[in-house]
Amino acid sequence: MKFLIRADSSTNIGAGHVVRCATLAGQLRLSGHDTTFLSRRCPGNLNDWLSAAGHKVLALPSEWHDEQADAAASLNLLGEEDFDGLVVDHYHLDTAWEKQLANRARRTMAIDDLARPHAVDLLLDQNFPNQVQARYQQVVPATCRLLLGPAYALVRPEFAASRPAALARRRGQLERLLVCMGGCDAENETTKVLAGIAQSRQRDLAIDVVIGAGNPHRAVVEAACLKLPRVLLHVQTNRMAELMVAADCAITAGGSTTWERCTLGLPGLVTTVADNQIEIARAVHDARGHDLLGWYADLAPWNYALALDNLTADHLYRLSAAAATICDGQGAARVATCLIN
């Protein structure tokens, strides 16, 4: 079977849409199916990374006009080729785009978390139950199947494989910290976090810092890392599951990292850096799956220092146990099965 995926990545958009779609595409390829991405050539895109992972990439121009123009450009690139499944994960593409591409695939699926109108057969919102999800019934066809919640979270298979070992070592200790504020981190929250660690009583922690290849503040982050004694900087790493297993707590942005962290029962101090992260981050906080620190612009280094200094062994253990109940890491396989069948 052949599957087409429409998703973009860039310094401004971030990497999340493409990364989670690549997880689904990887699962489809494990089942012997072909995958093609339609992605724009925006600054900081991951098109080469997709190609290196074995996916065919059809590159759209970097300029954005509207979804009608995007659909026309997409159809032009596709030529006469048809697909068994079409997946679209894009905040600027919904019903109008989907209707124009609908006859190119036997089954269509949208990935969303904003309850926008869609004309598809399947709708995936992998986020923890929240008030936004109640609106989907009014904005999708009656025949559309809704895949809602972290049971369908698109988590890479190495996280599920690492889950038993990760949960076995959660004992409330705090010796190693993971810092990851998103693939691009356009606001450079990573440097603020490192400044907070330097102000805390936890300055002797071993620290892994993860940034994406498209991070525009790499030189500043590197300089901040040098000010702490035990820091390793990882750029566009493929060892995220390993780093999460080794960590005792993570300071992260909201977003898809949440589900990776929950799969491994990793306690988290979470900052929201995009509007679409707010409701989900609050819902997971209410479920005791992490501590939500707030909106990035409202936080200073001392907020991160205080949050670290207030962590206790008992609190870390409770965060770990609650997080592990939220997501088991099997979502990509479940979604792939829905698409194939």
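**Helix α1 and its packing**

I looked up what the buried residues of α1 pack against: β1 (2-7), β2 (34-40), α2 (47-52), β4 (83-89), β5 (105-111) and α13 (331-340). Contact here means heavy atoms within 4.5 Å. Helices (H or I, at least four residues) and strands (E, at least two) are DSSP runs, numbered from the N terminus.

The model is predicted: local features need pLDDT of at least 70, side-chain atom pairs count only at pLDDT 80 or more, and totals for chains, interfaces and linings use all residues. Residues are numbered from 1 along each chain as its sequence is written, and side-chain values use heavy atoms, with hydrogens and water left out.

I then checked burial in α1, where buried means under 20% relative accessible area, exposed over 50%, and partly exposed in between (1.4 Å probe, protein chains only). Of the 15 residues of α1, 11 are buried; among them are His-17, Arg-20, Cys-21, Leu-24 and Leu-28.

For 15 residues the span should be 21 Å, and the end C-alpha atoms are 21 Å apart, which agrees. After α1 comes Gly-32, with a positive phi near 90 degrees.

**The sheet**

I traced the strand order next, counting two strands as paired if DSSP finds at least two bridges between them. The open sheet has 7 strands in the order β3-β2-β1-β4-β5-β6-β7, with parallel pairing. β3 (56-60) and β7 (145-148) each have a single partner strand, so one side of each is left without a neighbour in the sheet. The twist from one strand to the next averages 20 degrees.

I looked at one pairing in detail: β4 and β5 are joined in the parallel sense over 5 bridges. Gly-85 has Arg-107 of β5 as its bridge partner. On the sheet packs α13, touching β1, β4, β5, β6 (122-125) and β7, and its direction makes about 150 degrees with that of β5. Axes are lines fitted to C-alpha atoms, for helices over the stretch in contact, and angles run from 0 to 180 degrees between N-to-C directions.

**Rings**

I searched the whole structure for aromatic pairs and found 1. Trp-295 and Tyr-296 form this tilted pair, 5.0 Å centre to centre with 55 degrees between the planes. Rings of Phe, Tyr and Trp (its six-membered ring) pair if their centres lie within 6.5 Å; planes under 30 degrees apart count as stacked, over 60 as edge-to-face and the rest as tilted. Trp-295 is partly exposed at 26% relative accessible area, whereas Tyr-296, at 16%, counts as buried.

Note on methods. The expected span of a helix is 1.5 Å times one less than its number of residues.
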